[in-house]
Amino acid sequence: MRQSIRRRSRQVLELSGRQWRRAVTARADGAAGTLSHRSLMVIAPHADDETLGCGALIARARARGDPVTVVVATDGRRSTESAVLTPDQLAELRTAELATACGRLGVPDQDIRQLGFADSGLTTDAARLAAATASVLAERRPEVVLVPTVQDDHPDHRAVHHATLRALDAVGHRCLLLAYPIWAWHSGPWFLDAPAAQRPALCAWAVRQAVLGRWWRVPCGPYLQDKEAAIRAYASQTTNLTEEPTWSYLRADFLAAFQGPDELFLPVRLPGATA
Ligand SMILES: [Zn+2]
């Protein structure tokens with residue numbers, strides 16, 4: 001009985017999540033043209049965020065010949081508990097999966113940058129993360145930079161968002177900054193797993209996005225196939241690879257939120273910008 005109540009509640013939550021995502025998408029402006037013929041840099045906290053949040057956009061850009069740099073902050077060594085794989089083996093595996101996934105999106109190895117930080121440690125390494133991000137920004141000078149939304153309920157995601165703002169300021173680089181939602185996209189509008197103190201503000205943000213939000217929408221179109229192929233490349237993140245009970249991976253309902261017909265991006269105003 002209790003299990004059936006729990007299952008029903010989960011179904012209701014998944015339904016309201018889908019409705020919220022649909023409402024945000026319905027208000028979004030088409031941006032495929034605006035993002036054409038520009039150099040892109042996707043900054044991801046973990047290998048897989050770039051694919052989940054921007055996979056179709058990356059494949060679309062690469063099919064057109066636009067340059068795309070993928071920057072991944074962490075090396076994946078602490079992505080799960082495992083007695084079968086050592087942290088070094090996990091990092092090696094995530095690096096190989098990243099290269100395969102990027103290959104499926106048309107990004108060659110020389111356009112992938114791994115910053116090599118340990119997972120779940122980015123908040124304590126904020127200054128070094130900002131410096132490493134500044135260095136790739138200064139090297140590539142992309143016209144469009146994509147980072148996770150600051151509403152993602154994951155400290156590494158928020159750390160990457162803040163570090164990128166800091167790095168852009170340090171380099172003095174002008175660009176279009178867009179945020180792609182990962183945890184916020186799946187957890188909205190209720191954010192049940194967020195700390196209780198943060199939940200009211202996150203829920204209020206979600207309601208505002210459904211009613212007033214002006215997101216940018218890029219249809220996945222034929223590039224959804226490339227995105228799905230890239231997602232499949234992350235076997236360590238989408239399946240229980242070692243069949244250990246401790247192995248953590250993304251469930252089907254989470255992945256489904258990123259396999260819809262559109263990708264959504266939220267323009268971020270840079271500090272000091274006038275418009
Ligand atoms: Zn992540």
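Predicted model: local features only at pLDDT ≥ 70, side-chain atom pairs only at ≥ 80, totals over all residues.
## Reading a sheet, a zinc site and some helix contacts

Q: What is the order of the strands in the open sheet?

A: Reading across, the eight strands of the open sheet come in the order E1-E7-E8-E6-E5-E2-E3-E4, and their pairing is mixed. Strand E1 (29–30) and strand E4 (112–117) are the edge strands with a single partner each, so one side of each has no neighbour in the sheet.

Q: Which strands does E2 run parallel to?

A: Strand E2 (residues 40–44) runs parallel to strand E5 (residues 144–148), joined to it by three bridges. E2 is also parallel to E3, this time through five bridges. Two residues let you trace these pairings: Val-42 has Leu-146 as its bridge partner in E5, while Met-41 has Thr-69 as its bridge partner in E3.

Q: How do I read the directions of side chains along a strand, and which way do those of E2 point?

A: The general idea is that side chains in a regular strand alternate between the two faces of the sheet. In E2, Leu-40, Val-42 and Ala-44 point one way, and Met-41 and Ile-43 point the other way. E2 is mostly covered, with five of its five residues buried.

Q: Which strands does helix H4 lie across?

A: Helix H4 (residues 126–140) lies across E2, strand E3 (68–74), E4 and E5. Relative to E4, H4 runs at about 165°.

Q: Now the metal. What are the protein donors of the zinc ion?

A: The donor atoms are His-46 (ND1), two OD atoms of Asp-49, and His-157 (NE2), at 2.1 to 2.7 Å from the zinc ion. Along the chain, the donors follow the spacing H-x2-D-x107-H. His-46 is in the loop between E2 and helix H2 (49–64), and His-157 is in helix H5 (residues 155–171), so this pair ties together parts that are 111 residues apart in sequence.

Q: How do I judge the geometry there, and what are the angles among the four donor atoms?

A: Start from the ideal: four tetrahedral donors have angles of 109.5 degrees. Here the angles among the four donor atoms are 51 to 141°, and the site of the zinc ion is irregular.

Q: Are the two histidines buried or exposed?

A: His-46 counts as buried because its relative accessibility is 9%. His-157 also counts as buried, at 0% relative accessibility.

Q: How do I describe helix packing, and at what angle do H3 and H8 cross?

A: Two packed helices are described by the angle between their axes and the distance between the axes. The axes of helix H3 (residues 87–105) and helix H8 (residues 224–233) cross at roughly 170° and come within 8 Å. H3 is therefore roughly antiparallel to H8. Among the contacting residues are Glu-97 and Arg-104 of H3, and Asp-226 and Lys-227 of H8.

Q: And at what angle do H2 and H3 cross?

A: Their axes also come within 8 Å, but they cross at roughly 40°. H2 and H3 are therefore oblique to each other. The contact includes Gly-55 and Ile-58 of H2, with Leu-98 and Ala-101 of H3.

Q: Last topic: the backbone. Which peptide bond is cis?

A: The background is that most peptide bonds are trans, and most residues other than glycine have a negative phi. The bond from Gly-188 to Pro-189 is cis, with omega near 0°. Pro-189 sits in the loop between helix H6 (183–187) and helix H7 (199–211).

Q: And what is the phi of Arg-141 and of Glu-243?

A: Arg-141 has a positive phi of about 45°, although it is not a glycine. Arg-141 lies in the loop between H4 and E5 and is partly exposed, with a relative accessible area of 43%. Glu-243, also not a glycine, has a positive phi of about 60°. Look for Glu-243 in the loop between helix H9 (235–238) and helix H10 (252–256); at 68% relative accessibility, Glu-243 counts as exposed.

Note on methods: Residues numbered from 1 in each chain as written. Heavy atoms only, no water. Pairing = 2+ DSSP bridges. Helix = DSSP H or I, 4+ residues; strand = E, 2+ residues; numbered from the N terminus. Contact = heavy atoms within 4.5 Å. Axes fitted to C-alpha atoms, helices over the stretch in contact; angles between N-to-C directions. Donors = N, O, S within 2.8 Å, 3.2 Å for Na, K, Ca; no water. Tetrahedral: all angles 85-135°; square planar, octahedral: opposite > 155°, others 65-115°. Buried < 20%, exposed > 50% of the residue type's maximum accessible area, 1.4 Å probe, protein only. Parallel < 35°, antiparallel > 145°, perpendicular 65-115°, else oblique.
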